[in-house]
Amino acid sequence: MNIPLDVEVHCTDGTGGHSLALVLNPVTQVATHLVVKNKGHDHAGHLLPLQLITGATAKSIAVSCTRDELGRLDPFEKMVRSEETGLGGVSAQALAGAEFH
């Protein structure tokens with residue numbers, strides 16, 4: 001499934017926010033979470049496990065939780081660029097069109 005960045009994230013009860021970034025496991029370089037910037041929240045966003053994504057198009061992502069459930073997920077606290085972690089040039093731009101299972 002392609003997971004686009006900077007698109008609306010639709011919960012089961014309405015729009016929950018926008019996709020901001022993918023979180024990679026630094027050891028395996030496998031995506032584990034999507035950072036969703038929630039409407040009405042001051043912090044950077046919440047960590048949505050990829051297992052909650054039910055579908056995606058180039059313009060939106062559908063997830064299997066409510067907006068309230070999304071707001072209770074772990075907060076996203078820090079972004080580290082791939083160049084700083086030595087991930088061999090892997091970036092959110094490159095991952096935007098990548099496939100994750």
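Author: We begin with the basis of the values, then turn to the charged pairs and the core. This is a predicted model, in which local features need pLDDT of at least 70 and side-chain atom pairs count only at pLDDT 80 or more, while totals for chains, interfaces and linings use all residues. Residues are numbered from 1 along each chain as its sequence is written, and side-chain values use heavy atoms, with hydrogens and water left out.

Reader: How many salt bridges does the structure hold?

Author: A salt bridge is a side-chain nitrogen of Lys or Arg within 4 Å of a carboxyl oxygen of Asp or Glu, and the structure holds 2. In one, R67 pairs with D13, the closest N and O atoms being 3.6 Å apart. R67 lies in helix α1 (residues 67-71) and D13 in the loop between β1 (8-11) and β2 (14-24), so the pair ties together parts 54 residues apart in sequence; helices (H or I, at least four residues) and strands (E, at least two) are DSSP runs, numbered from the N terminus. D68 forms a salt bridge with R72, with 2.9 Å between the closest N and O atoms.

Reader: Is R72 buried or exposed?

Author: Buried means under 20% relative accessible area, exposed over 50%, and partly exposed in between (1.4 Å probe, protein chains only). R72 is exposed at 59%, whereas D68 is partly exposed at 49%.

Reader: Which residues touch the most other members of the largest nonpolar core?

Author: Such a core is a set of buried Ala, Val, Leu, Ile, Met, Phe, Trp, Tyr and Cys residues joined through side-chain atoms within 4.5 Å. Of the 17 residues in the largest one, those touching the most other members are I3, L34, L48, L50, I53, I61 and V63.
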